[in-house]
Each structure stands twice: as C-alpha cells, then as structure tokens.
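Here is a short briefing on one protein model.

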Amino acid sequence: MSHVTCAVQGGVAQVRLDRPDKLNALTLQILDDLVSTAHLLRRDKSLRAVVIAGAGDAFCAGLDFGSVLKQPAKIVTSFVPRPWRGTNTFQEACWAWRRIPVPVIAAVHGHCLGGGLQIALAADFRIATPDSRWSVLEGKWGIIPDMSGIRSLSELVGIDVAKKLTMTAETVSGKEAHDLGLVTDLDADPLAAAEELVARLVLRSPDQLAATKRLIDRSWTSSPRRTFSRERVEQAFLLAARNTKVAREAALRKTVPEFGPRGR
C-alpha cells in the first residue's frame with residue numbers, strides 16, 4: 001500500500017503524504033514513492049503546478065526510525081548515490097521536486113520536522129499555519145539533515161541561523177519560521193492559499209515559469225558571468241516559444257491566456 005497519493009486535474013498535481021495515523025512519518029517505501037512520483041510528474045508536459053500536503057493532523061513528523069531501522073540492507077542501498085543524479089534516495093525524495101519544471105508549493109500544518117522539513121524546503125514556496133511546528137530535528141538524534149536540507153537552508157537563511165537550527169534542533173512555530181525566512185506565507189488554511197497561488201501562476205506562460213525556476217535555481221550561487229549566459233539562453237528560447245506569443249496577445253487584449261504544453 002502506497003502512503004503517497006497523487007491526483008492530477010487541470011494540470012495541477014495534488015500530492016499527499018498519506019499516513020495520518022503516524023503523522024505521515026517517512027518510511028523507506030514512502031521515500032521511494034516520493035521519488036517515483038516526482039519523476040513521473042517531471043515528464044508531464046501538460047503539468048502546471050504541484051501542491052504537496054500531509055493528510056490528517058500533520059505535514060510530516062520526520063523519519064520513522066522504528067520502521068527504517070528494521071531494514072538495514074535497504075538503508076545501505078538507499079544511502080548510495082546514483083552517479084547520474086548525484087543524490088541518493090533520501091536526498092532525491094526532496095531534491096526531485098526541484099527538478100520538476102513547474103512551481104511546487106508545500107502546504108504545511110501541524111508537525112513539519114526532520115525529513116518532513118527538508119521536503120517542504122525543497123518546494124518553491126511554503127505556505128504554513130502560524131501554529132505549525134518546524135524543526136531540524138536530526139540534531140536530537142545525534143545526526144545531521146542529509147536529505148538536501150543543508151543546501152536548502154543555505155538558500156533561505158543566514159549561515160548563523162542555519163547552524164543554530166541544525167545544532168540545537170529547536171522547534172519553532174510557523175510564524176517564527178516565517179520570520180526566519182523558512183516559510184513564504186502564513187495562512188490559517190494553507191491548502192486554500194496554495195490553490196489561490198496556483199490560480200495566479202497558471203495565468204503565466206508555463207515556459208516562462210519553467211525558465212524562471214531553472215534560471216534562479218541554477219544561478220543562485222553562480223558568478224555574474226555564468227548567470228548572464230544562462231539568462232541569454234533562456235530568453236532566446238522564450239522569444240521563439242508559442243506560449244510567449246499567447247501570453248503577449250492575452251496581455252494586450254486583457255483576456256485569459258490559453259497556453260499549450262510546456263516546450264522544455
């Protein structure tokens with residue numbers, strides 16, 4: 001039985017961590033399912049956005065150590081990186097959402113701890129309830145975040161804040177996480193707020209959204225020269241793309257654009 005569900009309607013994928021009786025704690029099977037789901041969505045040219053949420057009372061309470069430690073052989077294979085990706089299964093369960101060329105939104109309520117926090121940080125946007133609970137919980141168990149969380153933290157907060165959160169494993173509220181820069185927006189109903197954001201995003205060209213995500217993700221720590229080169233490449237494609245013409249004409253006529261499949 002899969003504890004990750006995915007339903008696509010109108011180009012929007014609704015992905016759910018679906019193990020509510022365990023606060024959506026992560027098993028090795030859930031990690032595999034997150035990877036396969038993200039890779040499947042990546043190939044869908046009609047996809048416009050992804051919303052990730054947790055069923056029940058939490059987004060995700062982190063790794064289910066009781067379950068995972070019963071499978072030592074699979075831990076080893078899951079820990080070995082795939083050379084063609086540069087990630088192992090633990091890391092790819094998060095980083096695969098960065099590879100999807102559409103906006104990914106994490107709608108967070110309840111616990112967002114450990115591996116769950118790292119999944120949320122891999123999204124492009126995080127909308128959370130003010131009372132949600134966030135923690136780089138790995139420090140409590142004597143380990144470090146190893147599901148791409150260090151890279152994500154480095155993009156969102158200062159080095160001192162990243163060290164403090166990781167070293168202390170302190171729990172902060174959604175409001176505090178927002179103040180720190182971990183959370184994009186606060187809302188009492190993060191799923192509804194995610195849908196509102198999706199409704200705005202789908203009015204933009206899917207090629208422009210994909211180019212923006214690629215350019216910013218790949219250039220955030222690049223040199224100016226490298227960034228300028230990537231800007232030129234992305235813009236050259238957009239200037240010739242059909243969806244750019246659709247966006248331009250809709251803007252001039254003040255109509256709702258009808259975009260075709262994503263070009264890249």
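The largest pocket has a volume of about 490 Å³. The model is predicted: local features need pLDDT of at least 70, side-chain atom pairs count only at pLDDT 80 or more, and totals for chains, interfaces and linings use all residues. Residues are numbered from 1 along each chain as its sequence is written, and side-chain values use heavy atoms, with hydrogens and water left out.

**Terms for pockets**

- A pocket is an open set of points on a 1 Å grid over the protein atoms alone, where a 1.4 Å probe fits, with protein on both sides within 12 Å along at least five of seven lines.
- Lining residues have an atom within 4 Å of a point.
- Grid points are joined across faces, edges and corners, and a volume is the space filled by probe spheres set on the points.
- Helices (H or I, at least four residues) and strands (E, at least two) are DSSP runs, numbered from the N terminus.

**The largest pocket**

- Its lining has 20 residues. D124, F125, K213, I216 and D217 lie nearest the centre.
- Four elements each supply at least two lining residues: α5 (115-122), β6 (125-128), α6 (149-156) and α10 (206-219).
- Helix α10 gives the most, with 6 residues.
- By class, the lining has 10 nonpolar, 3 polar and 7 charged residues. Here Ala, Val, Leu, Ile, Met, Phe, Trp, Tyr, Cys and Pro count as nonpolar, Asp, Glu, Lys and Arg as charged, and the others, Gly among them, as polar.

**The second largest pocket**

- This pocket has a volume of about 360 Å³.
- It is lined by 14 residues, and R42, R98, R99, R214 and R218 are the closest to its centre.
- Both α4 (89-99) and α10 supply at least two residues of this lining. The largest share, 4 residues, comes from α10.
- The lining holds 11 charged residues, 3 nonpolar and no polar.

**The open sheet**

- An open sheet of 3 strands has the order β5-β7-β8, with mixed pairing. Two strands pair if DSSP finds at least two bridges between them.
- The edge strands are β5 (111-113) and β8, and each pairs on one side only.
- Neighbouring strands are turned by 20° against each other on average, direction ignored. Axes are lines fitted to C-alpha atoms, for helices over the stretch in contact, and angles run from 0 to 180 degrees between N-to-C directions.
- Strands β5 and β7 (residues 133-135) pair in the parallel sense over 3 bridges. L113 has S135 in β7 as its bridge partner.
- Helix α5 packs on this sheet and touches β5 and β7. The direction of α5 makes about 90° with that of β5.

**S173 in strand β8**

- S173 sits in β8, which covers residues 171-173.
- Why does S173 count as buried? Its relative accessible area is 12%, and buried means under 20% (exposed is over 50%, partly exposed in between; 1.4 Å probe, protein chains only).
- S173 touches P130, S132, R133 and W134, not counting residues up to four places away in sequence. Contact means heavy atoms within 4.5 Å.

**Strand β4**

- Strand β4 (residues 104-108) is mostly covered, with 5 of its 5 residues buried.
- In a regular strand the side chains alternate between the two faces of the sheet.
- V104, A106 and V108 are buried on one side of β4, and I105 and A107 on the other.
- Strand β3 (residues 49-54) runs parallel to β4, joined by 3 bridges. V50 has V104 as its bridge partner.
- Strand β6 also runs parallel to β4, joined by 4 bridges. A106 stands opposite R126 in β6.
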